[in-house]
Structures are given as C-alpha cells and as structure tokens.
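Let's read a protein model together, one feature at a time. Have the sequence and the 3D view ready.

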Amino acid sequence: MVTTLSLALPLCTLAAVALPAPASPQEPDLVARLADAEPPARRFDYGRAAWQIGAAMGLGVIWYQSEIELNKLDFDFDRTWSDQWKRLSTAHGYRFDDNNLTLNVGHAFMGAYYHQFARANGGSLLEALIFDFVTSTTWELTVEHREIISLNDTVVTTFGGVALGEGLFALGEFFARGRPTVVNRVLMGVVSPARLLGWALGDPPRPAHRLDSDFDRHGFATDAKHRFDFAAGGARQVGARPTPWQTALRLDLELVDLREYGRAGQRRRSTRGGEFTRIEADWMAGPDDSRDIALAAKASLWGHNRSHAIDTEEGRVIGHSAFFGTASAFDLRVDGIGNRDFLATVHLLGPALDTTLFRDRWTFRMAADVMPDFAIVQPMALTGVSREERLGSKTTVQNNDYYYALGVTSTARLEAQYRRSRAGVAFAHSHYDSIEGFDRYQRGYTSPTGVYHAPITHDANLTDGRLKLRVFSEAPLPFVSVKIGASLDYERRSGSTGEHHQRSADMRVGLHAAYTM
C-alpha cells in the first residue's frame, strides 16, 4: 500500500506539470475577470451563529430532560464540587462512552449542522471547525455534566462534521447561485438548512452573475463544474457465495467549485476549503429484507490549485488543473447482505492530490490521498464468538459489538471521460488498531445511581483491515439523457485479536441506468 501511494502521488503531480501550456493572448483577460469574480469576504457573525446553535441545543436539552430515566444510565458523577473537579481534572472524566452505534455515528450528522451554521454566517473553514469543537465541548461540559466527557463524541462531531458539513454547504451555495426556480430553492433548503434559515433572516440567495451569467439547462450556475448522478439498477454477489439479483440505488454528487476549472486561462490560487467536494450514497435491498447502506463524503480543505489551459481552434480546451493540499472525509458502511459488517470512519485530515487533464474531447482525472482515521469498527475476528467468551473485554465489544480505533486509509482514483462516456477504477485500503486504556469501565466502580460496573480484565488489542476495489464504466443511450453502466466491486475484510483471526471477501457485479445532471 505504501508503495502504491508513493508511486501514485508523484506520478499524478508529474503528469500535471509536464503538460505543454502554450501562452494565449486571452489569458490575461481571463485572469483579470477571475480576480474580479471573487466574492467579497464576509465577516463571521459570531452572535447570529451562537443564538442559532443555542436554539438548536435548547431543543436537545428538552429531549435530554424528557428522556432523563434513559440518560441516567450514563451518570458517573454527582452534582458535587468534588465529583465535578474529579471529572474535569483527572483522566477518569475523559473516556470513550459505550452508547449504541446509531447514537455515536449520529454525532457526525449533528456536527454537519453545527458546521453549516458557522459557514452560513460567514465563518471560514477554520472558524467553522473551531465552532464545531466549542459547540460539542459546551454540550459535554454543561448538559451532560454528570457523564464522562466523551472523547469519541467530540472527535466524531468536530471532524466528522467537516466533510459532511462542508460538502452539503458547498452544494447549498451552488444551488443558491442557480436560477431562482422552485427546484433550486428546494434543493438548497434540503442540503443546507442553515442556508434556508439565513434566507428567512434577510440573506436571500442570489443568482451567479460574477463570471458567467448563463445557466445550464437545469438552471444550475455555470461558474462551477458539477456531476450529479442518480442511478438505479441491480447487483448480485458472485464467486463462492452467489446471490440473486438485488435492487440497488446510487446517488453521486460531485462539485468542483473553481471558476477556472476546465476553462482557458492560467491561474494559481490558494484554496480555503470546499473547492472539491463529493457525497456518495448507496442502498441495496437483499432477498431476505436485509439492507446494505453506504455513505461517503469528502471535502478538500486548505491547499493550492494551479490551472493552465488554452482554447483550440475547434473551441475545445487543452490543459490541466492540479490541486495539492489537505482533505477530510467521512465513511459509513452497514453491510447486511455480504460480510454482515459495520464500519464508520472519520478521516481526520491528510495530504490529498487531485489532478485533471483536459485533452480536446477527453478528460482524465487522477486523485490520491492518505488520511489518519478515527473509527468505530465491528471486530471481524469476533464474528460468531459468544458474549460469554467476551466477558472482561472492552465494554463496547462485550455489549454492542464494536470498538474504537485509530488507523490510516489510503485511496487512489483514476477516471477517463470521452464526451458523455466514462470509465474508471477506485482503490482504498484501511487498517485499524484498537485504543486501549480509556474504556468507560476501565476500573470497577459504583455509579451515583447505585449500579456497580465491573472492571475491564481483558483489554485485548484488536486489529481490522479493509480493501476496496471498484471498476466501472458507463455510456449514453441515443436520443435520451440516460446512461447505462456496469460495475465490479470487490471488498476484503480481515480481523485479528491475537486469539481469533477471520477473513472474508465479497465480490459484486452491478448493472444500472443513470440520469446525470
């Protein structure tokens, strides 16, 4: 894996800088137009963002109090000076909680809303990141003052909200710049509720007239490149465990919010976040009412982008666009059909490269990144191991079949497009290593509600790995705006505890029809 990425990153960079870029007399004019097209920077309205998120947290407090009997199960500290000091000043107060998977993963979506509140009120990416952290920490310190300060909630809310929140915010701003149609306004409100609230408070969406006042046939602004795919079809497992065909749906929303991307001209710019975003969602229904759900979001953060292209005599573009910087991502996989697996990963922040080559009617795109991870992992090695055999292990492993881990993920993607036909391959490899020593019940104790919690006696190290490979192609049908496509997906999962080892592989073929906007 290290070899693969060590080759991918320099090769992509070399391909970008080695392209010929003849001078064009139109370039200075375009550079000036692009500079004039930059929207003026807004100041972060801390006050408005604070009362908005305060109102949202107020609803959370109402829920928390209405379910107080349930929440009492998490009480580990009394409302006394000594207990509160112990909570804040010692390691006993900073732990990983043992809540159910749905609640723990849901913090990423809450973080996405926090992030949008900051961004919609003029906050920069860094200010929004700090806003996420402060909001999450405020909840932990005040509302849940009788519970441990949950380390996993803070990480997932703060960093999980970056990729989801930034991607949704970028889409909301894109729809806001579109033609003022009902469809654009509804899409803006669905993906970015904070932007909708801003409209109600006197910040209406405005069509894009800064660089190019034209709109495409869907009414979307042409000052950014987008590809929105809606696909439906079927998929089936092949190999040692073949299955019947299953219904499969896919949503793929990709946005490159750079005005110079794919246009003639030359420009170098520092990116401030959200210029490259992508959100993917997959849903599959098995023959026995089982479900396979996958959600992935990725957003570029800080970096540098270089674009250099010219127009040919035929009116087409030859050149390149190269981004090198940092990115963050979020990945959720609930496999109820194949490996019967669960995995939620917050890809914190790591180096990323995204290079596009424009060659007449051809477009080639290469991307690679390496990111450190915080993950919630179902231990593959303990599949089939009874709860009695897990006694004394991590609380989450024993009761809820998951553990917290640190890890690293490497990905690479290569795509080629000719007119409306597209083909590509995507690769990802992840390795996870469990975190020891911070279990909520690391030491035995009796809670303020009188419940005794036995100590952890077997805090074993767990490791898991995942390899994903996807190959796909699609081509348009004549006379309609629909494309047909085929895909091959391979996934291998492995896990180890030192005592138990398991490995599972899953291969699926799929056929689909897709409508692209």
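**Reading the model, feature by feature**

A: Let's start in a loop: Arg259 lies between β4 (246–256) and β5 (265–272), where helices (H or I, at least four residues) and strands (E, at least two) are DSSP runs numbered from the N terminus. This is a predicted model, so local features need pLDDT of at least 70 and side-chain atom pairs count only at pLDDT 80 or more, while totals for chains, interfaces and linings use all residues. Residues are numbered from 1 along each chain as its sequence is written, and side-chain values use heavy atoms, with hydrogens and water left out.

Q: Is Arg259 buried or exposed?
A: Buried means under 20% relative accessible area, exposed over 50%, and partly exposed in between (1.4 Å probe, protein chains only). At 9% relative accessibility, Arg259 counts as buried. Arg259 and Lys225 are 34 residues apart in sequence, with their C-alpha atoms 8.0 Å apart in space.

Q: How do I read strand pairing, and which strands pair with β9?
A: Two strands pair if DSSP finds at least two bridges between them. Strand β8 (residues 317–335) runs antiparallel to β9 and is joined to it by 17 bridges. β9 also pairs with strand β10 (residues 362–377) in the antiparallel sense, over 13 bridges.

Q: How many residues of β9 are buried?
A: In a regular strand the side chains alternate between the two faces of the sheet. Strand β9 (residues 341–359) is mostly covered, with 15 of its 19 residues buried.

Q: Which residues of helix α9 are buried, and what covers them?
A: An α-helix has 3.6 residues a turn, so residues three or four places apart point the same way. In helix α9 (residues 182–191), the buried residues include Asn184, Arg185, Met188, Gly189 and Val191. Their cover includes α6 (101–120), α8 (151–176) and α10 (193–200), where contact means heavy atoms within 4.5 Å.

Q: Which ring does the charged end of Arg185 sit over?
A: The test is NZ of Lys or CZ of Arg within 6 Å of the ring centre and within 35 degrees of the ring normal. Here the charged end of Arg185 sits over the ring of Trp199, 5.9 Å from its centre.

Q: How many aromatic pairs does a search of the whole structure find?
A: A pair of aromatic rings is described by the distance of the centres and the angle of the planes. Rings of Phe, Tyr and Trp (its six-membered ring) pair if their centres lie within 6.5 Å; planes under 30 degrees apart count as stacked, over 60 as edge-to-face and the rest as tilted. The search finds 22 aromatic pairs. For Trp63 and Tyr64, the centres are 6.3 Å apart and the planes at 65°, so this pair is edge-to-face. Trp63 is partly exposed, at 42% relative accessible area, whereas Tyr64 is buried, at 2%. The rings of Phe96 and Phe438 have centres 6.3 Å apart and planes at 85°, so they too are edge-to-face. Phe96 lies in the loop between β1 (94–95) and α6, and Phe438 in the loop between β12 (421–434) and β13 (445–446), so the pair ties together parts that are 342 residues apart in sequence. Ring pairs link Phe96, Phe374, Tyr402, Tyr404 and Phe438 into a cluster.

Q: Which residue does the side chain of Glu491 contact?
A: A polar contact is a pair of N or O atoms within 3.5 Å; within protein, one must be able to donate a hydrogen and the other to accept it, and residues adjacent in sequence count only if both atoms are side-chain atoms. The side chain of Glu491 makes such a contact with the side chain of Arg333, at 2.3 Å. Glu491 is found in strand β16 (residues 482–496) and counts as buried, at 7% relative accessibility.

Q: What makes up the largest nonpolar core?
A: A nonpolar core is a set of buried Ala, Val, Leu, Ile, Met, Phe, Trp, Tyr and Cys residues joined through side-chain atoms within 4.5 Å. The largest has 31 residues, and Leu171, Phe175 and Phe330 have the most contacts inside it. α8 gives the most to this core, with eight residues.
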